Amino acid sequence: MLALFKVPWSDYTSDLWNALLKTIEYTVAGFAGAVVLGLAIALLRLSPLRPLRVFAAVYTELFKNVPLLAIIFLTYFGLASAGVKLGVFEAGALSLIVFYAAYLSEIFRSAIAGVHSDQHEASEALGLSRVSTFAYVVFPQALRSALPGTNTMLVDLLKSTSLLVTISAAELMSEGRLITSATFRALEVYLVIAAIYFVLCYPLSQGLLWLERQIQAGTPLSVRRRRRLRAAKALLAREAT
């Protein structure tokens with residue numbers, strides 16, 4: 001067992017820290033881009049215009065049925081051979097975005113379509129425009145329904161950044177490969193890298209689960225609405241006394 005602890009980790013602390021920050025950067029950029037693109041694709045899937053629905057459906061099915069690793073290779077090596085040279089970070093983030101946007105679009109589409117049609121009719125009766133109806137009536141309800149699947153995709157995206165080792169993206173797995181090459185201690189190094197991923201993913205998944213439970217229990221999503229709710233409760237309490 002002592003043979004597992006012969007890597008001079010103090011020599012690699014700063015490198016591992018930088019790799020951890022890079023992993024978080026890929027996660028944040030990839031997830032933010034995937035949410036925006038996924039929502040756009042979901043809205044296209046629900047469009048009354050058939051060409052837009054067909055385009056969105058083709059995009060979704062294409063990227064859902066192609067491995068992420070193949071997308072990474074196409075983005076970094078394939079585009080470069082066609083004259084479109086992307087940096088490592090741009091190629092890695094773009095690969096994550098286009099891949100996870102396909103899955104998130106399905107989650108968002110199901111959530112939006114799940115809002116009852118009576119909500120639309122009630123909004124029209126109140127004189128709300130289509131944009132206002134979506135922003136203030138449909139989207140908040142759909143967001144609650146989409147939260148569990150979206151949370152799962154975030155954790156999965158974080159773990160999938162490890163595939164960027166194939167393009168030497170300077171994230172955790174790439175740093176682990178470099179340390180292994182220098183020390184020839186593959187078992188110890190990759191155990192530590194796996195432990196770091198666990199330390200990242202487990203608290204994140206539990207925190208997202210707690211948030212999901214809070215929202216399902218009726219906690220408002222926005223800070224403004226929470227303040228209004230507290231003010232209303234305080235007013236009711238004063239009137240009761």
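1. E212 sits in helix 8, which spans residues 186-216. Helices here are DSSP runs of H or I, at least four residues long, numbered from the N terminus. This is a predicted model: local features need pLDDT of at least 70, side-chain atom pairs count only at pLDDT 80 or more, and totals for chains, interfaces and linings use all residues. Residues are numbered from 1 along each chain as its sequence is written, and side-chain values use heavy atoms, with hydrogens and water left out.

2. Is E212 buried or exposed? E212 counts as buried because its relative accessibility is 19%; buried means under 20% relative accessible area, with a 1.4 Å probe and protein chains only.

3. E212 touches L147, P148 and N151, leaving aside residues up to four places away in sequence. Contact means heavy atoms within 4.5 Å. R144 is 68 residues from E212 in sequence, yet 8.0 Å away in space, C-alpha to C-alpha.

4. Helix 8 also meets helix 7, residues 172-183. Their axes come within 9 Å and cross at roughly 160°. Axes are lines fitted to C-alpha atoms over the stretch in contact, with angles from 0 to 180 degrees between N-to-C directions. The two helices are therefore roughly antiparallel, a label for angles over 145 degrees.

5. Residues making this contact include L172, M173 and G176 of helix 7, and A186, V189 and Y190 of helix 8.

6. The protein chain has 9 helices and 0 strands. Buried residues make up 34% of its 241 residues. Among contacts with a separation of 6 or more, 74% join residues 24 or more positions apart.

How values were computed
Buried < 20%, exposed > 50% of the residue type's maximum accessible area, 1.4 Å probe, protein only. Parallel < 35°, antiparallel > 145°, perpendicular 65-115°, else oblique.
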